[in-house]
Amino acid sequence: MKKVGEGAEAKIYEIEIFGNKAILKRREEKKYRAKELDRKLRKERTKAEARTMARLSSSLKVPKIIAAGQYSIIMERLEGRLLKDADITSAQIAEAGKMLGKMHEMNIAHGDFTPANLMSCKNGLYVIDFGLSEMTNSFEERALDILLMKRSIPAALYPSFEKSYSESFNGHLTVLGRLKEIEKRGRYQIRTLG
Amino acid sequence: MLVIGLESSAHTFGVGIVDGGKVIANEKEMYKIGKTGMIPAKVAEFHSENAAHVIKRAMQKAGVEPSEIEGIGYTMGPGLGPCLQVAQLSAKMLAKKLNVKIAPVNHCVAHAEITRHYGKLKDPIMLYVSGGNSQVLAIESKPFHHYSVIGETFDIGVGNMLDSFARNLELEPAWGSSIEKNAKGGRYIPLPYTVKGMDFSFTGLLTRSTELIGKERTADLCFSIQETAFAALCEATERALLLRNKEEIGVCGGVAQNESLRNMLQAIAKEHGYRFGFAPNEFNADNGGMIAYVAEKMLLGGMGRPVSECEIRQRYRTDGARLAIR
């Protein structure tokens, strides 16, 4: 079992199942936090992730689940490159907007929708890492998904993200309105440079 | 270069003196926060009354004559307008009298920079936690040399949240380390935990904890609110470390004085084999030493300004301040 990646809440291993390569994502104990909180977060997130991936599997490009346990998920191994490690094209960012719109249409908020959680593969763009996702119809949660992406990409790319998002989600006006509201909250006022 | 730094962004009037990167005096007077919190005009009045003698005391401590001072720094922001004005005016007056240049300093950057200095950190992920702010910072060189904010609170600062809860519990005193002291021996109760990538929020946690006052033991509540808030900060910090491939962690600002938080960050550092550093507590509380420290770098880097160009900016963001490269 080879460790191929590590995030703030899980370790990613490459394993072999019936001769095929697969990914094991395991949420390991974090010693810095209280045991009860640690267990609760790891369980809830594993559950949320498995549930969201299953719900999205027929409508969006997400890794297929092979098996899920209390703290770990075994899933299909993708061949590709994270968007954060590549020069993002406007076609890719438009695709990302469309995917987020679809998710929001299905009442799912991703919780960490950034180029670090989008993978460019041969057959297109995949969304990964649903550990912070939740089933919700909250416009605040949806707006935060957009805000996170807006902050992680060059400003020039954002308009095509917003455009394709709006085209794929009927509630986009309410979400974008809420986004404006969040950005007005004191500390998010336009970041004036030096 | 002998530089004096003035700080008055919130409840503390601080004066620091630096010589060649070394803080040789760091004096302060702090406004006592009662049940009403901070009323800006009243705090400003307190600062005006204390400015002259704290400046004098710092010079005596450092064994420095006014005529020897070669530059002045003051906190330009962020902070409360009436409070900021006191250090700004004092700096202007001194600069005119001594005929030296002024460096307007960003308060948050000063906390981060003094921590980088004392914590012996080169290129860390810096967790800046105070009453008004909670940010995850990293140094970036584009489009100019600055601390970029890669994560921050969506609503209130973690220190403000803890102090508000202390006031709701009617603790005395209701600020600073009062929650930490009352958390001893507490058990964990589940409370709302909000992390979005590298951002976090605290109002939900405050509301729920306040609802539970009287229904749960005070020690349990204090322990759990702290544990939950700090775990969120730690998760965001760890995510930032891994995403940015950094190998050093720093913590600064008022809440950096909290030992539980430091222990948690230390545990993350240990797990990954990273370096963890922080400054002595006198620099985590508001102080003039850090302002003088950054002002000296700025003045040496040609970032000094004439008296006429020294403004204040109440919402001066961390990522809006250019860093002196030294």
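Two strands count as paired here if DSSP finds at least two bridges between them, strands being DSSP runs of E with at least two residues and helices runs of H or I with at least four, numbered from the N terminus. The model is a predicted one, so to speak: local features need pLDDT of at least 70, side-chain atom pairs count only at pLDDT 80 or more, and totals for chains, interfaces and linings use all residues. Residues are numbered from 1 along each chain as its sequence is written, while chains are lettered from A and ligands numbered from 1 in the order in which they are written.

In chain A, five strands make up an open antiparallel sheet, running S1-S2-S3-S5-S4. Strands S1 (2-6) and S4 (65-68) of chain A sit at the edges with a single partner strand each, so one side of each has no neighbour in the sheet. From one strand to the next, the twist averages 25 degrees. Inside this arrangement, S3 (residues 20-26) and S5 (residues 72-76) of chain A pair antiparallel over five bridges; Arg26(A), for one, has Ser72(A) in S5(A) as its bridge partner.

Helix H1(A) packs on the sheet and touches S4 and S5 of chain A (contact meaning C-beta atoms, placed from the backbone, within 7 Å). The direction of H1(A) makes about 150 degrees with that of S4(A) (axes are lines fitted to C-alpha atoms, for helices over the stretch in contact, with angles from 0 to 180 degrees between N-to-C directions).

As for the two chains, their contact draws on 26 residues from chain A and 27 residues from chain B. On the chain A side, helices H1 (35-56) and H3 (139-152) are the elements giving two or more residues, and H1(A) gives the most, with four.
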